[in-house]
Amino acid sequence: MNTYDSGRLNLPFVGHCTFAKSPVCLDWDSIEADVAVLGVPYDMGTQYRPGSRFGPRAIRDASTLFSFGHGGAYDHEDDVVYLPADRVRIVDVGDADIVHTDTVSSHRNTELAVRKILASGAMPVVLGGDHAINIPCVRAFADEDPIHIVQIDAHLDFVDVRHGVSEGHGNPMRRAAEQAHVTGLTQLGIRNVSSTAREGYEEARRRGSQIRSVRQCRALGTRGMLDLVPEGARYYVTIDIDGFDPSIAPGTGTPSHGGFLYWEVMEFLQGLSKRGDVVGIDLVEVAPAYDPSGVTSILAAQVLMNFLGYIFHERQLRAG
């Protein structure tokens, strides 16, 4: 059903700004939903240009573009109505509490929030923030079944410790690889001058990580990219917006040319939804101050909305 003929028209620029204009649930012990969207406005792990603390607000704002008047989103290419309102429940649970200059407390608060979402049975969708927020998100899955990390990113983020820093935005994949419940990593889009030194790449490969650049992914094609990922696994997908080319995603702290274009990523994510079960997502490093046009935030929102559509369509098909 749609709301065009009755009730409020509820245009994107009207009303409260939640993710996809979904209902708010700030009582984390009473979440009843399929998807719970959490903001983590943390950018104290940033090594270059800050500003991704404003990413969650910008993505929420952009997401209203895709959320008015429809009972779902009809895709004429797939001939599917994605995210039917009567079958996929999305709630916005607000933000984790960030304590300025205190990484330990901020990460602890983030982990608690994600654990609350998991305890409710909902899938966490986390809006960053810099990529350091992935560390507590992955830790929150410690009591769940094992997960495989799929990373879309320009940077490997496999630094161990640098000048005493072990939980900044260059460390998350190294920290993930150390977790007993993480079975492996597939790292796609890695290119150009990286924040990770040679030893980090060597250690990632030693631990079984599959690392491919954008050019290597293009040579493989979508099918070849999917073949790098274990079939039938539980996937946690972490998307750094700088995995996309800065021509379409300029609003990020560490832009890197030669990135993915939109459909290169979306066709992969759609295939991934068919290949196994996506159980968690974070999207990080949107820094809206570097993009006055807002297209980076719109890209982030569109990626998440379409990805959620793919995931829950496949779940419905499996359930019969």
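I began with Gly129, which I found in the loop between strand E5 (123-128) and helix H3 (134-139), and I note here that the model is a predicted one. The peptide bond that leads from Gly128 to Gly129 is cis, its omega being near 20°. I wrote beside this that most peptide bonds are trans, and that most residues other than glycine have a negative phi.

Next I looked up backbone angles. Asp79, in the loop that joins strand E2 (73-75) and strand E3 (80-82), has a phi near 55°, which is positive although the residue is not glycine. For Asp157 I also read a positive phi, near 55°, and I placed this residue in the loop between strand E6 (147-152) and helix H4 (172-177).

Last, I turned to a pair of helices. Helix H7 (residues 262-275) packs against helix H8 (residues 295-319) at an angle of about 25°, and their axes are 9 Å apart. The crossing in which H7 passes H8 is right-handed. On the H7 side I listed contact residues including Trp263, Met266 and Leu269, and on the H8 side residues including Val303, Phe307 and Ile311. By kind, the residues of this contact of H7 with H8 are nine nonpolar, four polar and four charged.

Notes
Residues are numbered from 1 along each chain as its sequence is written. This is a predicted model: local features need pLDDT of at least 70, side-chain atom pairs count only at pLDDT 80 or more; totals for chains, interfaces and linings use all residues. Side-chain values use heavy atoms; hydrogens and water are left out. Helices (H or I, at least four residues) and strands (E, at least two) are DSSP runs, numbered from the N terminus. Axes are lines fitted to C-alpha atoms, for helices over the stretch in contact, and angles run from 0 to 180 degrees between N-to-C directions. A crossing is left-handed if the near helix is turned anticlockwise from the far one by less than a right angle, and right-handed if clockwise. Contact means heavy atoms within 4.5 Å. Ala, Val, Leu, Ile, Met, Phe, Trp, Tyr, Cys and Pro count as nonpolar, Asp, Glu, Lys and Arg as charged, and the others, Gly among them, as polar.
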